[in-house]
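Dear colleague,

I am handing over the structure below, followed by notes on what was found in it. Please read the notes with the structure open beside them.

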Amino acid sequence: MTREGQPAAIEDRVLERLGRLRLTTTRETLSALLSEAAREQWTYLEFVDHLTRREAEAKQEKRVRMGMTIAHFPTVRTLEGFDFAAQPSVDERLVRELATGNFLAHGTNVLLFGAPGLGKTHLAIGLGRRLVELGHSVLFTTATGLLTVLSKAESEGRLEEKLINCVKPRLLIVDELGYMPFERRAAHLLFQMVNRRYERGSMMITTNQRVSDWGTMFGDEVLATAILDRLLHHSETLMIKGESYRLREKRKSGLFRSLDEAEARTAGRSQSKEDRPAVGRPKNVDK
Ligand code: ADP
Ligand code: MG
């Protein structure tokens, strides 16, 4: 096939080279691009400008798509979708700073504390997604998921291999630490992982357990101190307080007036009440 005044041989050569240079978008859209250039009467420089921009954008999109797949986020949550006004205890300025990814350069850890339903996972995914968009590698896992993988690897004699894998992503997000109590062996596995990443790569951890309860959570004060020591050495902390976002939304819609009244009666009994996971809540209200 020949374009006007252009032997097929040139086009074939160009297509072949574009393939070799992995300029796939340009390769796939070359004839449309050439027609557009003729129609719009682009200068040579404008032509190169359009070509390189489209190729770069497509490459970036592909990189982000792959990064998101590799990260294994369980759901889509974004920073844009986080209602900071509804959660005044969240330091928005700190979240914006973390969203730049600068903390990754220093191996700084990020710890998100708070009772269930306060948006810890939402923020962790939102930040993780932003960092993937910026080109960083992220891996999202839950504490239970991570320990299942590590325990299995250990029993198969492949723990070392798995620990090395855990160090690879620029950011490792461990969600829901403390929702399940730890057995001694599991706590020790977690320690080994934290120790590996210590000063090598950032971790982001969400937990419903206050630092003072970590000894009980791990069933071992010494181990808990050793883990905390490494995590907190270079770290940023987000303490989220208040009540469950979903519960709040339902309350606003008037569904929980009786719950409101019950809570009003018990309010003020304990100062640290709101630091703790909400207990005794009626079933299914958080769905
Ligand atoms: P946690 O991990 O602290 O238990 P989640 O992040 O799972 O809480 O939040 C529970 C639900 O409420 C999620 O669907 C989340 O998207 C939503 N949510 C929580 N806080 C906010 C907020 N401030 N703005 C928007 N959605 C929120
Ligand atoms: Mg969560």
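Helix α5 gives three residues to the shell around ligand 1, the largest share, where helices are DSSP runs of H or I with at least four residues, strands are runs of E with at least two, and both are numbered from the N terminus. This is a predicted model, in which local features need pLDDT of at least 70 and side-chain atom pairs count only at pLDDT 80 or more, while totals for chains, interfaces and linings use all residues. Residues are numbered from 1 along each chain as its sequence is written, and chains are lettered from A and ligands numbered from 1 in the order in which they are written.

The shell around ligand 1 holds 17 residues, the closest being Asp83, Gly119, Thr121, His122 and Tyr245; a residue counts as near if its C-beta atom, placed from the backbone, lies within 6 Å.

Five parallel strands form an open sheet in the order β2-β3-β4-β1-β5, with pairing requiring at least two DSSP bridges. Because β2 (138–142) and β5 (235–239) stand at the edges with a single partner strand each, one side of each is left without a neighbour in the sheet. β2 pairs with β3 (residues 171–177) over five bridges, and Thr142 has Asp175 of β3 as its bridge partner.

Helix α6 (residues 143–155) packs against α8 (residues 184–197) at about 95°, with the axes 10 Å apart; axes are lines fitted to C-alpha atoms, for helices over the stretch in contact, and angles run from 0 to 180 degrees between N-to-C directions.

Best regards
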